[in-house]
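Here are my notes on the model you sent over, point by point. Have it open beside you as you read.

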Amino acid sequence: MEVLIDNQQTSLELDTKKLQTKMEQVLRESGCDESTIVSTIIVDAGKMADLNFRYRGKSGPTNVLSFSQAEAGQITADPNLLGDVVICSDRVISDSEELNYTHEEMLLYLAIHGILHLVGYTHESQLDASEMEQRVETIFNKLMDS
């Protein structure tokens with residue numbers, strides 16, 4: 001497993017090594033092969049709003065976006081690259097306050113959500129959303145207990 005982290009923001013203090021280790025655990029929990037690679041980018045609200053509008057046609061910053069290489073039919077230099085997870089640091093801060101999580105917990109929660117999108121989970125229907133939420137919670141609780 002390899003998780004690459006590109007921290008492009010300054011509003012949230014990150015322990016990138018710890019995040020990397022936790023995300024590798026999420027990949028294992030999701031049944032990914034040991035050769036799997038995920039790119040993670042932490043951005044500010046402005047950059048996330050740009051990405052959200054460009055790729056989803058929605059205004060404002062969302063908390064996490066996932067870009068699956070397999071789903072997009074992309075040919076990459078490395079066939080083990082699962083995709084990219086982009087997390088908005090400003091939303092980590094605001095969501096954590098709203099939901100009474102620490103910043104670290106919220107960041108992990110969003111990373112799990114993003115990775116589950118990469119491995120095929122969606123929330124297009126109520127059933128899919130419920131399944132995905134349950135899987136996020138299960139992995140989150142397991143990792144917070146470890």
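1. First, a term we'll need. A helix crossing is called right-handed if the near helix is turned clockwise from the far one by less than a right angle, and left-handed if it is turned anticlockwise. With that in hand, H5 passes H6 in a right-handed crossing. Do keep in mind that this is a predicted model.

2. Staying with that pair: the axes of H5 and H6 come within 10 Å and cross at roughly 130 degrees. The two helices are therefore oblique to each other, since angles of 65 to 115 degrees count as roughly perpendicular and only those over 145 as roughly antiparallel. On the H5 side, the contact is made by Glu105, Leu108, Tyr109, Ile112, His113, Leu116 and His117. H6 answers with Met132, Glu133, Arg135, Val136, Glu137, Ile139, Phe140, Leu143 and Met144. Sorted by class, that gives 10 nonpolar, 2 polar and 4 charged residues.

3. H6 also packs against H1. Here the angle is about 130 degrees and the axes are 11 Å apart, which makes H1 oblique to H6. H1 passes H6 in a right-handed crossing. Lys22, Gln25, Val26 and Glu29 of H1 meet Arg135, Ile139, Lys142 and Leu143 of H6. By class, this contact has 3 nonpolar, 1 polar and 4 charged residues.

4. Leaving aside neighbours within four places in sequence, Val26 is in contact with Leu108, Ile112, Ile115, Ile139 and Leu143.

5. Now the interior. In soluble globular proteins, nonpolar side chains tend to be buried together. The largest nonpolar core in this model has 31 residues, and those with the most contacts inside it are Leu27, Ile87 and Ile112. Helix H1 (16–29), strand E2 (37–43), strand E4 (81–88), helix H4 (89–99), helix H5 (103–118) and helix H6 (126–145) each supply at least two residues of this core. Which element gives the most? That would be H5, with 10 residues.

6. Not counting residues up to four places away in sequence, Ile87 touches Thr40, Ile41, Ile42, Val43, Met48, Asn63, Val64, Val92, Leu107, Leu110 and Ala111. There is also a second, separate core of 7 residues, which includes Val43, Met48, Leu65 and Cys88.

7. On to H4 and H5. Their axes are 9 Å apart and they pack at an angle of about 110 degrees, which makes H4 roughly perpendicular to H5. Val92, Ile93, Asp95, Ser96 and Leu99 in H4 meet His103, Met106, Leu107 and Leu110 in H5. This contact has 6 nonpolar, 2 polar and 1 charged residues.

8. What about burial along H4? The buried residues of H4 are Ser89, Val92, Ile93, Asp95 and Ser96. For the spacing of such residues, the background is that an α-helix has 3.6 residues a turn, so residues three or four places apart point the same way. What covers the buried residues of H4 includes E2, E4 and H5.

9. Asn100 lies in the loop between H4 and H5. Most residues other than glycine have a negative phi. Asn100, though not a glycine, has a positive phi of about 65 degrees. With 69% relative accessibility, Asn100 counts as exposed, because the cut-off for that label is over 50%.

10. Last one: Ser68, in strand E3 (residues 64–68). Ser68 has 12% relative accessibility and so counts as buried, the limit being under 20%. Apart from neighbours within four places in sequence, Ser68 is in contact with Leu82, Gly83 and Leu118.

Terms used:
Residues are numbered from 1 along each chain as its sequence is written. This is a predicted model: local features need pLDDT of at least 70, side-chain atom pairs count only at pLDDT 80 or more; totals for chains, interfaces and linings use all residues. Side-chain values use heavy atoms; hydrogens and water are left out. A nonpolar core is a set of buried Ala, Val, Leu, Ile, Met, Phe, Trp, Tyr and Cys residues joined through side-chain atoms within 4.5 Å. Buried means under 20% relative accessible area, exposed over 50%, partly exposed in between (1.4 Å probe, protein chains only). Helices (H or I, at least four residues) and strands (E, at least two) are DSSP runs, numbered from the N terminus. Contact means heavy atoms within 4.5 Å. Axes are lines fitted to C-alpha atoms, for helices over the stretch in contact, and angles run from 0 to 180 degrees between N-to-C directions. Angles under 35 degrees count as roughly parallel, over 145 as roughly antiparallel, 65 to 115 as roughly perpendicular and the rest as oblique. Ala, Val, Leu, Ile, Met, Phe, Trp, Tyr, Cys and Pro count as nonpolar, Asp, Glu, Lys and Arg as charged, and the others, Gly among them, as polar.
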